[in-house]
Amino acid sequence: MIYLAPLQGFTDFVYRNAYAAVFQGIDAFYIPYITTKSSQVPRKYEREILPENNLNRKSVPQVLAKDEEEILELCSLLRDYGYREINLNLGCPYPMVTNRGKGSKLLTGPDKLERMLEFYFKNFQIALSVKMRAGFESASDIEQIIPVLNRFPLKKVILHPRIAKQLYEGTIHTSAFQFAVDHLDQVPVYNGDVFTLADYQNRKGSFPTVTDWMLGRGVLMNVFLPDEIKGIKYTETEKRLKLHDFHTQIMESYFQMTDNPGNALNKMQQFWLYFSHHFSHQGKILKVIKKIRNPGNIKPETEYILRRAELKITD
Ligand SMILES: Cc1cc2nc3c(=O)[nH]c(=O)nc-3n(C[C@H](O)[C@H](O)[C@H](O)COP(=O)(O)O)c2cc1C
């Protein structure tokens with residue numbers, strides 16, 4: 001199984017829907033976290049979980065909550081929308097989040113986490129999975145968290161084996177992942193730095209019992225990666241057509257959704273930060289995209305790139 005990682009600001013419902021329409025390789029799409037502010041779910045988060053924006057039925061929403069009250073609020077909303085799995089965020093590393101006791105900060109309080117999980121399973125019948133890091137300040141946090149996780153019927157434990165202060169860079173703690181393989185009652189889902197088929201094969205070699213993989217930036221940079229892992233191959237012409245189709249769906253949705261074309265241009269410029277990696281001259285192409293000031297220019301510029309620029313060979 002291959003899951004798309006939640007990437008706030010990148011894998012929004014526009015991205016997920018276009019991906020599901022054009023490619024096959026992703027088995028479930030994890031929605032970037034939703035959270036509450038003064039007991040309200042802000043509109044930008046609610047839009048992501050609306051059933052009409054997640055019609056492919058492969059979406060799993062994620063909650064970023066600090067206590068039972070927030071769990072109740074967020075998960076009740078998700079239950080009312082009919083979701084069949086909810087994911088709890090135990091990994092977000094940013095101080096804005098962790099200072100409020102959420103995300104990876106929960107890895108420092110096994111008792112608190114246990115109370116939250118108890119509360120969840122008492123009040124909700126929906127399957128729960130968790131997405132975690134190896135720790136907050138130390139990769140040994142995982143050693144006190146795993147016994148807590150083992151007490152509950154979690155659907156999945158997804159592990160990105162870094163600690164919070166590393167954010168998304170630096171050495172992967174393979175020994176922390178191995179600790180999870182050895183001590184969890186279930187096989188964890190691996191997540192982190194799988195950017196190429198070779199990366200996948202290396203990780204698979206290190207953790208041969210792992211069957212489920214969550215990929216994030218690797219998919220943003222190479223939308224064919226899940227298919228490559230699953231052995232589905234495309235010719236260069238097919239690849240170009242698929243990239244074009246995917247890009248068109250995303251761009252049209254962003255322009256249709258807003259009254260302010262400048263916002264759509266910003267979203268497309270964000271998207272190209274990673275999407276430019278599909279092309280041999282990535283740096284040059286990104287420069288061209290970043291320089292665009294008039295929203296009307298993004299369409300012809302990208303059309304030219306998608307038709308003419310040399311594709312990077314990845315497999
Ligand atoms: C821009 C960005 C936004 C992210 N947003 C979320 C999020 O909303 N929830 C979450 O659990 N992880 C989030 N992550 C972490 C990713 O889901 C993933 O764990 C991380 O990128 C490592 O996987 P990768 O190397 O395959 O990208 C985010 C990461 C990035 C770079």
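Predicted model: local features only at pLDDT ≥ 70, side-chain atom pairs only at ≥ 80, totals over all residues.
Entry one, the helix pair. I looked up how helix H3, residues 68-80, lies against helix H5, residues 110-123, and found that their axes come within 10 Å and cross at roughly 35 degrees. I noted the crossing of H3 past H5 as right-handed. On the H3 side I listed Glu68, Ile71, Leu72, Cys75 and Arg79 as making the contact, and on the H5 side Arg115, Met116, Phe119, Tyr120 and Asn123. Sorting the residues of this contact by class, I get 6 nonpolar, 1 polar and 3 charged.

Entry two, the ligand. I find 19 residues surrounding the ligand, and I recorded Pro6, Gln62, Asn191, Asp193 and Arg217 as the closest. Turning to polar atoms, I see that Arg217 places a polar side-chain atom 2.8 Å from an oxygen atom of the ligand, while an N or O atom in the side chain of Lys131 is likewise 2.8 Å from a ligand oxygen. For Tyr33 I noted a polar backbone atom, 3.3 Å from an oxygen atom of the ligand. Finally I looked up how much of the ligand is covered: taken alone it exposes 620 Å², of which the protein buries 91%.

Conventions. Residues numbered from 1 in each chain as written. Heavy atoms only, no water. Axes fitted to C-alpha atoms, helices over the stretch in contact; angles between N-to-C directions. Helix = DSSP H or I, 4+ residues; strand = E, 2+ residues; numbered from the N terminus. Left-handed = near helix turned anticlockwise from the far one by under 90°. Contact = heavy atoms within 4.5 Å. Nonpolar A, V, L, I, M, F, W, Y, C, P; charged D, E, K, R; others polar. Near = heavy atom within 4 Å. Polar contact = N/O pair within 3.5 Å; in protein donor to acceptor, adjacent residues only side chain to side chain. Areas by Shrake-Rupley, 256 points an atom, 1.4 Å probe, with all protein chains shown as cover.
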